[in-house]
Amino acid sequence: MPAFWRTVRGLPGPLRAPLSLLFPSGAAQGGARRVSGAADVNSFVSRTKTCGELRSAHVGQEVTLCGWIQYQRQQQFVVLRDFQGLTQIIIPQDEAASHLRKILYDTPVESVVRLTGTVVPRPPGQTNPRLPTGDIEVKVKTVEILNSCKKLPFEIKDFAKKTEALRMQYRYLDLRSVQMQYNLRMRSQVVMRMREYLCNRHGFVDVETPTLFKKTPGGAKEFVVPSREAGKFYSLPQSPQQFKQLLMVGGLDRYFQVARCYRDEGSKPDRQPEFTQIDIEMSFADQAGIQALIEGLLQYSWPDEKGPITIPFPSITYDEALATYGTDKPDTRFEMKIIDVTDVFRNTEVGVLQKSLSEPRGTVRAICIPQGAKHLRNKDLESLNELAKSQFNQGILHFILRSDGSMKSALGKFLNEEQKLELVRAVQANVDDIVLLAAGEHEKVCSTLGKLRLEAADLLEARGQSLRNPSAFHFLWVVDFPLFLQKEENPRQLESVHHPFTAPHPSDEHLLYTDPAKVRGQHYDLVLNGNEIGGGSIRIHSAKLQRFILETVLKEDTELLSHLLEALDSGAPPHGGIALGLDRLICLLVGAASIRDVIAFPKSFKGRDLMCNSPDYIAPEELEPYHVKIAEPMPEVKVKSN
């Protein structure tokens, strides 16, 4: 973040809003790789310059500025702000300018003004090197109040001090903040570069697909929309999945869309009922081709200020990810990997461990928390243990390696010296490290330790230890997912891990007819710093295979997908694709606390628009054409007269 933004009173230090983003130019954004020349942000409007572009080279010029009054001080200076920055306005102190002083000081902060004046150098000793416009000021000649501002519920500059609910209630004010301006302009820049890469460089076609669709099997819950046909409803699409496959059948060959998607997921942290994804599909593509496309897309659209990203991205199988990190979206910015110590405990007398090892897929695993004894307290270990019990019904054991090489643990009395030494070697523990151990079924144990790994990292960082570099970006492909998993509510029935249109791994296709639970899918996820930012697959292009999976394996009603099955039977090419979560990607890119900070008008945690107060009631008579009646009495709907 340039110094001039940090000097704005009340803004937190971590905010980063470079001029190259707020005012893009070819030189600032990578030369030939970018659009040459500066964008003309003063075309078609009544200003001649913005509040962020004046420099010493403009001294002597008469300019017209438009913006918001940010500060007033000493009845001599006003600071004007617009989307690009700040300019200090100096008011002449002679009697002839008294009307200007009165106007500018009687006008409330955050009022909108247009003024003209002459660019002059600041007096010696009064320059502000922390401000790009700090060498000059504008000596005002005329001023016009375009709109006076009432008293606001918060100060615009106090971005970090406002509650999220208040920010969302007054989103139009929150958008004036430096951070929101930065986030949305960064989003725009990245999307523009993605369009350029896909359309201009690789021949993709931007196609809009319908928003009003129909309910189809699988996936998250869908929003329904009543129609004027009695008993019939539209559904809002969770993604353009079926439409993009149909576009491949239609011979479009390469499709993409900045797609709006909808999921009725209720109150989930950091989720939105409507969100945006970069949706992509290609004919005649394999998994390696899709992955190479996305790596090139991200490298091309990546902001220069964030540093280069190296391709190809590393790859790991689903099984490896679970065994090493306890999750299918591992954060690889730090170590603390899960280690298999089963062999160490095969001949021990620890009853609970022996019982776990006697079960199918029984295992003992460990993670080593570096210097944990120096930074974690007993209550921290208790909280980790409680987390394992409450979320996974899994107990954990721990030991601390003392400086004399002894082990501080209840386990100590059950292990001989050779076993202790073998355990320390296996987990590569050093003095003052804490080692957490869990025993039981493989997947449950790994998932538990994966969660504890992240929680321990949070605790260490809260105590001042640096494990995860916030400015580092670690991409990772996770591949070879299982095609199906058992349903929680009915373990004898299978459901798709990704969606029912994912093609099986060629070498596993024969298992569909004998043991479908063992089939791997051609599904790939892209992970960034422990967050899934994209997922895709090679699709089933055979109508026969698609019908078999839907009817026989998943027990779905194929009538709901008859249009897709007919299309696949009409000469569908092999095809595959992916969707990148744009909101999540930009959130990680700018270091925002929530995806709500990178969406112009988001919904709250509970899915409400606090600014417009939606969803809202509709009068019964307005529902009649849709054959909908409310089961419970509604509050009286007040209709405003025109």
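Modeller: Happy to! This is a predicted model, in which local features need pLDDT of at least 70 and side-chain atom pairs count only at pLDDT 80 or more, while totals for chains, interfaces and linings use all residues. Residues are numbered from 1 along each chain as its sequence is written, and side-chain values use heavy atoms, with hydrogens and water left out.

Colleague: How is helix 6 placed against helix 17: roughly parallel or oblique?

Modeller: Helices (H or I, at least four residues) and strands (E, at least two) are DSSP runs, numbered from the N terminus. Axes are lines fitted to C-alpha atoms, for helices over the stretch in contact, and angles run from 0 to 180 degrees between N-to-C directions. Helix 6 (residues 178-202) and helix 17 (residues 582-590) pack with axes 10 Å apart at an angle of about 120°. Angles under 35 degrees count as roughly parallel, over 145 as roughly antiparallel, 65 to 115 as roughly perpendicular and the rest as oblique, so helix 6 is to helix 17 oblique.

Colleague: Which residues of helix 17 meet helix 6?

Modeller: Contact means heavy atoms within 4.5 Å. From helix 6 come Y182, N183, M186, R187, V190, V191 and M194. Their partners in helix 17 are L582, D583, L585, I586, L589 and V590.

Colleague: How many residues of helix 17 are buried?

Modeller: Buried means under 20% relative accessible area, exposed over 50% and partly exposed in between (1.4 Å probe, protein chains only). The cover over the buried residues of helix 17 includes helix 6, helix 8 (287-301) and strand 10 (274-283). Helix 17 is mostly covered, and its buried residues number nine of nine.

Colleague: Is K420 buried or exposed?

Modeller: K420 sits in helix 13 (residues 417-427). Leaving aside neighbours within four places in sequence, K420 is in contact with M407, G412 and L415. Its relative accessible area is 18%, so K420 counts as buried.

Colleague: At roughly what angle do helix 12 and helix 14 cross?

Modeller: Helix 12 spans residues 378-392 and helix 14 spans residues 442-462. Their axes come within 10 Å, and the crossing angle is roughly 145°.
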